Amino acid sequence: MIRLAASRLSCFLACLAAAGTFGIALPVSAQGDLLVAPTRVILDGRRGTEVILSNIGSEEATYRIGIELRRMTSEGQLVEVSREEANELEQAAMRMVRYAPRRITLPPGQPQAVRLSARPAVELPDGEYRVHMSFRAIPKPQPVEEQAEQAQGIKIKLIPIYGVTIPVIIRHGRLQATVALSDPGIVTGEKQKWFQLTMQREGESSTYGEIRVMKRGNSEPVYMVRGVAIYPEVGERRVTLPLSSEQAAALKGPVRIEYREMPEAGGALIAALETAIG
Amino acid sequence: MINKLRMGAAGAVFAAALAGTPAFAADNADATATAEILESIDVTLVSGTSLDFGAMVVTGAGTVSLDASTGNLDCSDADIVCSGATDIAEFSVDTASDGRTLQINLPSSVNLLRAGGTAGNAADELVLDGFNSDAAYDAVNDEYTLVYDASGTNEFAVAGDLTFDGSEGPGVYNGTFNVSVEYN
């Protein structure tokens with residue numbers, strides 16, 4: 001039990017600003033550096049939420065917040081889908097997501113909440129809908145004198161626009177999904193080895209979690225990756241994950257592979273496979 | 001009344017939110033608090049780094065390539081002479097979750113425009129493509145992946161290729177390129 005006495009908004013933002021002063025040590029930063037939290041949003045349609053955007057750079061920066069579409073390939077890559085290419089499900093997702101503000105100017109160290117909600121239409125069929133929310137700094141116009149810089153030959157002035165994209169998932173109705181694992185193996189690429197695994201998904205919703213590989217009879221994972229999703233647009237995903245040579249050696253032999261929900265979501269087992277990796 | 005305490009996982013985000021009740025209404029009342037960890041991510045451009053090809057004198061068509069893994073400049077085409085220091089852009093990613101997989105998206109191609117030039121005029125435009133990174137690259141799927149290592153540096157570099165048709169005039173060519181870290 002604790003006692004809190006402050007208004008929702010003032011404490012929310014004041015605490016955020018205060019936290020920036022004792023946070024992790026960050027590199028000396030540039031215009032456009034940013035922090036986003038959380039990194040994944042699930043809306044069930046009943047109420048909205050907030051995503052925090054913070055300017056962790058050393059200069060004032062303006063950020064643009066947008067929603068975009070991505071489609072997962074059977075190799076697990078999220079590829080951009082234009083609005084013209086969007087299917088019905090994707091168009092419905094774009095229509096139902098509301099968010100504000102869409103452009104924020106923040107001084108260094110200042111966070112702001114972006115409000116986010118979904119308004120599913122009454123006749124919307126049950127299903128999982130998804131957009132990806134992007135946060136990117138808008139570069140400042142370059143000073144005129146730099147533009148007019150004299151050059152004997154050709155010089156290039158490039159400004160990176162960098163940012164973060166997080167999924168926003170809207171679940172409408174009662175949805176389920178099951179996953180089966182198969183065909184694990186190690187492949188050797190040009191520069192390194194890769195762990196591969198096939199995930200087969202059935203049902204209406206996505207699954208999301210961590211992959212843990214344990215030596216048989218041992219509960220400590222020798223290899224673990226977090227944040228592995230398989231979205232409804234794919235029934236089968238071939239997961240390809242980079243391995244160090246030590247990890248590749250440790251994976252060989254009889255193993256148990258588990259796909260579990262993320263610890264913060266309860267860590268329940270979604271699928272498991274006992275096999276041997278050669 | 002239920003009060004909710006939300007904490008940013010990387011230590012840089014900390015938020016407290018009170019649900020529902022007006023300000024100061026519960027001045028002397030006990031309340032149940034629940035803690036929710038919010039995973040955060042931050043992306044920074046490593047200070048002092050930029051994608052810089054130096055200076056070039058171009059008398060014919062050719063390509064100048066920067067390799068993000070080595071920082072090496074390939075300026076071997078006969079009609080292009082390169083000089084000056086070069087650099088690659090480096091980005092740092094920080095999140096709280098060890099083992100987190102992140103997709104890194106690079107553009108396929110961007111057009112650069114000469115200062116004072118006209119868009120669409122070939123002599124004023126230059127193509128930057130062949131974007132590459134030192135992050136783990138899956139050549140089969142053309143995908144860059146970063147697996148966050150809590151004990152590592154978690155940086156990735158970005159470079160690319162400049163393609164000249166030989167008609168480009170001298171001057172400063174400006175452009176932007178998008179780099180995004182994609183959660184799945």
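View 1. In chain B, 71% of the contacts (heavy atoms within 4.5 Å) with a separation of 6 or more are between residues 24 or more positions apart. Chain B has 16 strands and zero helices; strands are DSSP runs of E of at least two residues and helices runs of H or I of at least four, numbered from the N terminus. Of the 184 residues in chain B, 49% are buried, that is, under 20% relative accessible area with a 1.4 Å probe, protein chains only. Residues are numbered from 1 along each chain as its sequence is written, and chains are lettered from A in the order in which they are written. In this predicted model, local features need pLDDT of at least 70, and side-chain atom pairs count only at pLDDT 80 or more, while totals for chains, interfaces and linings use all residues; side-chain values use heavy atoms, without hydrogens and water.

**View 2. Surroundings of A:Gln77.** A:Gln77 lies in the chain A loop between β4 (61-72) and β5 (78-81). Is A:Gln77 buried or exposed? A:Gln77 counts as buried because its relative accessibility is 17%. Leaving aside neighbours within four places in sequence, the residues in contact with A:Gln77 include A:Arg71, B:Gln103 and B:Asp142. A polar atom of the A:Gln77 side chain lies 3.5 Å from the backbone oxygen of B:Asp142.

**View 3. Strands lining the largest cavity.** At least two lining residues each come from β15 (236-243) of chain A and from β10 (101-105) and β14 (143-147) of chain B.

How values were computed. Buried < 20%, exposed > 50% of the residue type's maximum accessible area, 1.4 Å probe, protein only. Polar contact = N/O pair within 3.5 Å; in protein donor to acceptor, adjacent residues only side chain to side chain.
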